[in-house]
Amino acid sequence: MRRTALLVCSLLTIPQLALAQTAAEPSAVAASADRLPSLKQEIAASVEANGKLTQEMIDMIFSFGELAFQEVETSRYVTEILEKNGFAVERGISGMPTAWIARWGTGKPVIAFGSDIDGIPKASQKPGVAYHEPMIEGAPGHGEGHNSGQAVNVTAALALKTIMEREKLPGTLVLWPGVAEELLAGKAYMVRDGHFKDVDAVLFTHVGDNLDVTWGQPNGTGMISVEYTFKGESAHSAARPWRGRSALDAVELMNIGWNFRREHLEPEQRSHYVIKNGGDQPNVVPSLASVWYFIREMDAADIEKNFGIANKMAEAATMMTDTTVSRRIIGSAWPRHFNKVIAETMSENITAVGLPKWSEDDQALAKGVQRTVKVKDKGLANELEKFKPPAEKPESGGSDDIGDISWAVPTVTLRYPSNIPDLPGHHWANAISMATPIAHKGATAGAKVMAMTTLDLLLRPELITQAWTYYKDVQTKEVKYKPFISTKDKPATYINADVMAQYRPEMKKFYYNPALYPSYLEQLGIKYPTLEKAAN
């Protein structure tokens, strides 16, 4: 194995209270633990009964369609629901205006629920139709499905709150959003600033097309997101070009160097860039130009190595063009590692809950979308995926900044079946199911699993102890977590402000109004499912 083990996380130690609880459980915990199976049945029924809230939250956040760092309406909406239900909310976390932390309860264990909230550029799409039809051409939308996770978490948390109050159970529920996950630009700051230092376990939720959880290192990468800005000297491009020093030339030379170097990097690496600023107009030598890179690899050491190569190429480009360069870290994500003990516990609850019962209409929409994107029209999943140990050699792929949190606190990610299998990802097609019964049913199943797993952690305190033992003795035995961001780095909260300023006025006309319409599909006048465009 070429991957270098990196780390023993010095950030946190095993929570001492979990050990104390194991030695002498409070009487309320002990009494309720004897009824754990019946409490799980009760809480699953409570989640099911609160399906209207789940549906409204999913549809509402879908209608907002906000991009990274600009999730203003989404955060306002979710925090208002939480405050109305007795949660104390702290806003503006880690310098991010749309980040917040909501708390309810007292004492240990502290269980934190997280889920992402940002959308995808140019992913505006009508839900429930099996073809491309933007609501607003060029506008953002939920082309990954991040509109659904807060509904999963809030529905689960409210069901738990009711039982915890009645049973007088100690424990604290903490809810928070993944801000700017599509930029990998939020969670590392929350870890750096100590917002998880008192947390015993993190249960994260993410939209998927099945109901599953994993442990160990999953497929995928970690990454550094960095923008290089080159500065030169302007001049008339025809009259006196020799007096100019082109910042755009430096950008292009850096990119050429990187593209040649790819052949000599490890095959698991993934790297991509966009030129954010290429100058103003052709007859002016560009005095300023910038390029934005995502640099991905399978372990932290190789991410840092490739980041160093990119920095060297940027400096080399300045020498070839007589320009200067500066760089800014936009975001970062450590490779993920999920907790075995919590994943095993959650897997048992997944088996108990099972997949939703899909209707013929649900399957018809799924198959129609699959045909549209030219994959096999197999429809929605009808069987749970098997719970398996991690692959000996995980495959490369995308990144998620939940990785940083997973190295600070025992963490798992629950994937719940609100989307359609085999879609491209980060695409308008991934938005089609996300305000339909498919999304609502999948989120309800996810909320049941979240609530039941949290009951396990509240009433079986040995699980917390065992989770931290795995974290200390296995996960972090040889690897030391060191964040890719520094103490001076700040979240790039300016990103996407211009795009949302352009599109938000028109998008507001499409915000969901649950007081007038039972569902967003009805507000839009969409017959579910619509498989073909009407003839003109």
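How much space lies in the largest cavity? About 110 Å³. Keep in mind as you look around that this is a predicted model.

**The cavity**

The structure holds 1 cavity of 30 Å³ or more. Its lining is made up of 15 residues. Those that lie nearest the centre of this largest cavity are Ser63, Ser124, Met135, Pro140 and Met507.

Next, find the loop between strand E3 (110-116) and helix H6 (149-167), where Glu144 lies. Glu144 is buried, yet has no salt bridge. The nearest side chain of opposite charge belongs to Arg415, 6.0 Å away. A salt bridge would need a side-chain nitrogen of Lys or Arg within 4 Å of a carboxyl oxygen. What Glu144 does have is polar contacts with the side chains of His206 and His426. Leaving aside neighbours within four places in sequence, the residues in contact with Glu144 are Ile120, Glu182, His206, Val207, Asn419, His426 and Asn430.

| From | To | Distance |
|---|---|---|
| Glu144 side chain | His206 side chain | 2.9 Å |
| Glu144 side chain | His426 side chain | 2.7 Å |
| Ser396 side chain | Glu268 backbone oxygen | 2.5 Å |

**Ser396, in another loop**

Where does Ser396 lie? You will find Ser396 in the loop between helix H11 (360-372) and helix H12 (402-406). Ser396 counts as buried because its relative accessibility is 19%, and the cut-off for buried is under 20%. The side chain of Ser396 reaches the backbone oxygen of Glu268. Glu268 is also one of the residues in contact with Ser396, along with Gly220, Thr221, Arg270 and Met298, when neighbours within four places in sequence are left aside.

Is Val152 buried or exposed? With a relative accessibility of 0%, Val152 counts as buried. Not counting residues up to four places away in sequence, Val152 touches Thr205, Tyr416, Ala443, Gly446, Ala447 and Met450. For a sense of scale, Val152 and Glu478 are 326 residues apart in sequence, and their C-alpha atoms are 35 Å apart in space.

Technical notes: Residues numbered from 1 in each chain as written. Predicted model: local features only at pLDDT ≥ 70, side-chain atom pairs only at ≥ 80, totals over all residues. Heavy atoms only, no water. Helix = DSSP H or I, 4+ residues; strand = E, 2+ residues; numbered from the N terminus. Buried < 20%, exposed > 50% of the residue type's maximum accessible area, 1.4 Å probe, protein only. Lys, Arg positive; Asp, Glu negative; His and termini not counted. Polar contact = N/O pair within 3.5 Å; in protein donor to acceptor, adjacent residues only side chain to side chain. Contact = heavy atoms within 4.5 Å. 1 Å grid on protein atoms, 1.4 Å probe; cavity = no way out; pocket = protein on both sides within 12 Å on 5 of 7 lines; lining within 4 Å. Points joined across faces, edges and corners; volume = space filled by probe spheres on them.
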